Amino acid sequence: MIFKTLLRGALVSALFLADAPSLAVADGLTLSPFKDELFAYPGILSTAQGGAYTVVDYREMRDINERDEIPERRVRGKYVSTGVRKVQKDLVLKTDSGDIRHFAVGSLQNAKLITVYLHGQGGSRKQGVDDFTFGGNFNRVKNLMAANGGLYLSPDFPDFGDKGAAQISALIAHYADQSPGAPVFVACGSMGGALCWKLAGDKAIAPRISGLLLLGSLWDDGFLSSPAFKRKVPVFFGQGSKDPVFPIDSQEAFFRSISAKSPGYPTRFVRFETGTHGTPIRMTDWREVLNWMLSLKR
């Protein structure tokens, strides 16, 4: 396996800007704050199931038009810190499943945690590292990972089927080997969820996954008999109530089926009221979700 470059954790810390979040204590594995006041949910309309189900107040005029300098194309500057680009690399990993182009942000070795973002239909590895689209939320997760001793990965893949799953499995296995013991979280946007569910059903890679995030994505009843389900791997769902691609009623029903099958299963659902297909990618609070999953120590 060949890389264009390697960047150790010590170098990550040395290059970071002063306004980046402070390094979290390794033993605690709790992500320290980064612009929390800007990325917190704008309002909670209701909660249920002991906090597992939350309805968030979402308003397009406020959460897109007022937040963005150019709506849906460029967020206002206060939402981003671009110094993280100093520890962002565009790499190629050679594997038996093919060459995998991917962006890596943070510690390539001895990372404290690893977060992988898988794009949807028509996307690419570039989507997951775009600092200014989706309200700056990708810039936030990049900063959270890099400054907390973690690694963030945004790969290309050939499809949402077996070939794509094989490449993502190889990518995860490689970086997990480079950072023994690091929890691995996989976030899937839209159609990328098909890969999340395939990974959950893979006996070889499922044991290496510590959490799944489905962002405006789909459901798969096969998950209820998967290795990841049997391990009680935490699952987060973020869904817009007016998603025209993957109807929220179906995703909510699937969320309920998890608890029905396994009472007490670690899963959470955030419904963005009036939100559409891309809303969860823009609005999901990365720090809150990942800290919840880290607290479960899977």
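Val116 stands opposite Leu153, a residue of strand E8. This is a predicted model, in which local features need pLDDT of at least 70 and side-chain atom pairs count only at pLDDT 80 or more, while totals for chains, interfaces and linings use all residues. Residues are numbered from 1 along each chain as its sequence is written, and side-chain values use heavy atoms, with hydrogens and water left out.

**The sheet**

- Helices (H or I, at least four residues) and strands (E, at least two residues) are DSSP runs, numbered from the N terminus, and two strands are said to pair if DSSP finds at least two bridges between them.
- E7 and E8, the latter covering residues 151-155, pair in the parallel sense over three bridges.
- Ten strands make up an open sheet with mixed pairing, in the order E1-E2-E12-E11-E10-E9-E7-E8-E6-E5.
- E1 and strand E5 (88-95) stand at the edges with a single partner strand each, so one side of each is left without a neighbour in the sheet.
- From one strand to the next, the twist averages 20 degrees.

**Helices on the sheet**

- Contact means heavy atoms within 4.5 Å; axes are lines fitted to C-alpha atoms, for helices over the stretch in contact, and angles run from 0 to 180 degrees between N-to-C directions.
- Helix H5 (residues 162-178) packs on the sheet and touches E5, E6, E7, E8 and E9, its direction making about 50 degrees with that of E6.
- Helix H8 (residues 248-261) also packs on the sheet, where it touches E2, E11 and E12, and its direction makes about 160 degrees with that of E12.

**Nonpolar cores**

- A nonpolar core is a set of buried Ala, Val, Leu, Ile, Met, Phe, Trp, Tyr and Cys residues joined through side-chain atoms within 4.5 Å, where buried means under 20% relative accessible area, exposed over 50%, and partly exposed in between (1.4 Å probe, protein chains only).
- The largest nonpolar core has 52 residues, of which Val186, Leu212 and Phe223 touch the most other members.
- Apart from that core lies another, of 34 residues, including Phe34 and Trp292.

**Two loop residues with positive phi**

- Gln49, in the loop between strand E1 (44-48) and strand E2 (53-57), has a positive phi of about 55 degrees although it is not a glycine, and Gln49 is partly exposed at 48% relative accessible area.
- Phe134, in the loop between strand E7 (114-118) and helix H4 (137-147), is not a glycine either, yet has a positive phi of about 50 degrees; with 22% relative accessibility, Phe134 counts as partly exposed.
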